[in-house]
Amino acid sequence: MANIGKIFASRACSLAKVATANNVRFYCAPATSFEFIKTELVGEKKNVALITLNRPKALNALCNGALITLNRPKALNALCNGLMNEVGQALDQFEKDDTIGAIVITGSEKAFAAGADIKEMQGNTYAKCINTNFLENWTRVAKSQKPVIAAVNGYALGGGCEFAMMCDIIYAGDKAKFGQPEIALGTIPGAGGSQRTARAMGKSKAMEMCLTGNMINAEEAERSGLVSKVFPADKVVGEAVKLGEKISTFSPLIVRLCKEAVNTAYETTLNEGLKFERRHFHATFSTKDRQEGMTAFVEKRAPKFTNE
Ligand code: CAA
């Protein structure tokens, strides 16, 4: 009972269902198992990987005389080092798997993530931060070559908001709340919060969010360009998976190039970005998938992309 709900990450294992109880599926013991996240393959073709941040607090209880461990979603998915390392490991696995076209990351109904784990970092010193390159492991999400969609319900605060912004697209549930409350802890955002909010929402809104710690709701987040769509809370993961499925119908190679082109807009001047885009556009003409895509259009049939 101790690991109720733990779903393991290896693809081979995810295909080997061995038991079902309380609508939770159990899989065979895999090469990689996770403590703080759940992973599964979803969508009609099982070509979208879903990572669920799942950092409950263990609660021991007596049940008919036997000691059992129940997991309750209490720590609000505070992003401890172990959780972020596991997200990195899962992304490494999914990036290697050619059958996966997109990755969705979600949390619980109450919290996508309430930020970096304050209790874990409370005793950190400047020297420790420098010597351990604190938060460097967080950047793995932003470096993913495959498209990553955040499906946010509940709180996305501090590092949780930063984590969502490292993803390529954010879908939000209608009760989602975004904020950068680090100022109230005597610190500032450390995983991109001051930079990505400014780029996504403009200086005034970013300043207000970072200087006051005030939260914004899903509607405001959509209006300001932080999230692309808002759905009823219970629909947001399904919609994110549908989006992942749609992206997965295209050439993975071209999806990667397209993602690089959009990301370049973040990191360079307009002129440099336009040059980068034009060269990437030209480069697609050296691929079989570009040839197939245009030929299929002319022949009025669906394209068959081969990732070449
Ligand atoms: N780190 C560690 N524990 C956290 C946490 C965090 N970021 N956020 C919540 N928790 C814990 C609480 O300590 C509490 O644990 P206990 O039951 O042991 O007391 C549990 O989760 C539930 O939290 P609350 O009782 O506070 O729940 P609430 O519903 O009353 O409030 C909340 C929810 C508004 C999200 C509130 O928990 C909160 O303000 N959390 C902190 C948010 C924050 O400041 N995030 C920024 C972190 S710093 C950062 O992220 C730096 C960076 O840039 C990388």
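How many residues of the shell around the ligand are nonpolar, how many polar and how many charged? The shell divides into 13 nonpolar, five polar and five charged residues. Here Ala, Val, Leu, Ile, Met, Phe, Trp, Tyr, Cys and Pro count as nonpolar, Asp, Glu, Lys and Arg as charged, and the others, Gly among them, as polar.

## Basis of the model

This is a predicted model, in which local features need pLDDT of at least 70 and side-chain atom pairs count only at pLDDT 80 or more, while totals for chains, interfaces and linings use all residues. Residues are numbered from 1 along each chain as its sequence is written.

## Overall make-up

The protein chain has twelve helices and 14 strands. Helices (H or I, at least four residues) and strands (E, at least two) are DSSP runs, numbered from the N terminus. Of its 308 residues, 34% count as buried. A residue is buried if 20 or more other C-beta atoms lie within 10 Å of its own, exposed if 12 or fewer, and partly exposed in between, with C-beta atoms placed from the backbone.

Among contacts in the protein chain with a separation of 6 or more, 65% join residues 24 or more positions apart. Two residues are in contact if their C-beta atoms, placed from the backbone, lie within 7 Å.

## The ligand shell

There are 23 residues around the ligand, and Ala78, Gly115, Ala116, Gly158 and Gly159 come nearest. The elements that give two or more residues to this shell are α3 (118-121), β10 (155-157) and α5 (159-166). A residue is near a molecule or strand if its C-beta atom, placed from the backbone, lies within 6 Å of it.

## The six-stranded sheet

Six strands form an open sheet with mixed pairing, in the order β3-β4-β7-β9-β11-β14. β3 (37-42) and β14 (229-231) stand at the edges with a single partner strand each, so one side of each has no neighbour in the sheet. Neighbouring strands are turned by 20° against each other on average, direction ignored. Helix α2 (residues 81-96) packs on this sheet and touches β3, β4 (48-53) and β7, its direction making about 25° with that of β3. Axes are lines fitted to C-alpha atoms, for helices over the stretch in contact, and angles run from 0 to 180 degrees between N-to-C directions.

Strand β7 (residues 102-106) pairs in the parallel sense with β9 (residues 148-152) over four bridges, and with β4, also in the parallel sense, over five bridges. Two strands pair if DSSP finds at least two bridges between them. Ile103 stands opposite Val148 in β9, and the bridge partner of Ile105 in β9 is Ala150. Five of the five residues of β7 are buried, so the strand is largely enclosed by the rest of the structure. Ala102, Val104 and Thr106 point one way from β7, and Ile103 and Ile105 the other way. In a regular strand the side chains alternate between the two faces of the sheet.

## The nonpolar core

The largest nonpolar core has 66 residues, of which Val104, Ile149, Ala156, Ala164 and Ala172 touch the most other members. Such a core is a set of buried Ala, Val, Leu, Ile, Met, Phe, Trp, Tyr and Cys residues joined through C-beta atoms within 7 Å. Leaving aside neighbours within four places in sequence, Ile149 is in contact with Ala102, Val104, Cys167, Asp168, Ile169, Tyr171, Ala240, Leu243 and Gly244.

## The four-stranded sheet

An open sheet of four strands has mixed pairing and the order β8-β10-β12-β13. β8 (111-113) and β13 are its edge strands, each with a single partner, so one side of each is left without a neighbour in the sheet. β8 and β10 pair in the parallel sense over two bridges, and Ala113 has Ala156 as its bridge partner in β10. α5 lies across β8, β10 and β12 (177-179), running at about 90° to β10.

## Two loop residues

Met215 lies in the loop between α7 (203-212) and β13 (216-217). Met215 is partly exposed, with 18 other C-beta atoms within 10 Å. Not counting residues up to four places away in sequence, Met215 touches Lys177, Phe178 and Gly179. Met215 and Leu157 are 58 residues apart in sequence, and their C-alpha atoms are 8.0 Å apart.

Asp98 lies in the loop between α2 and β7. Asp98 is exposed, with 9 other C-beta atoms within 10 Å. The C-alpha atoms of Asp98 and Pro252 are separated by 8.6 Å, although the two residues are 154 apart along the chain.
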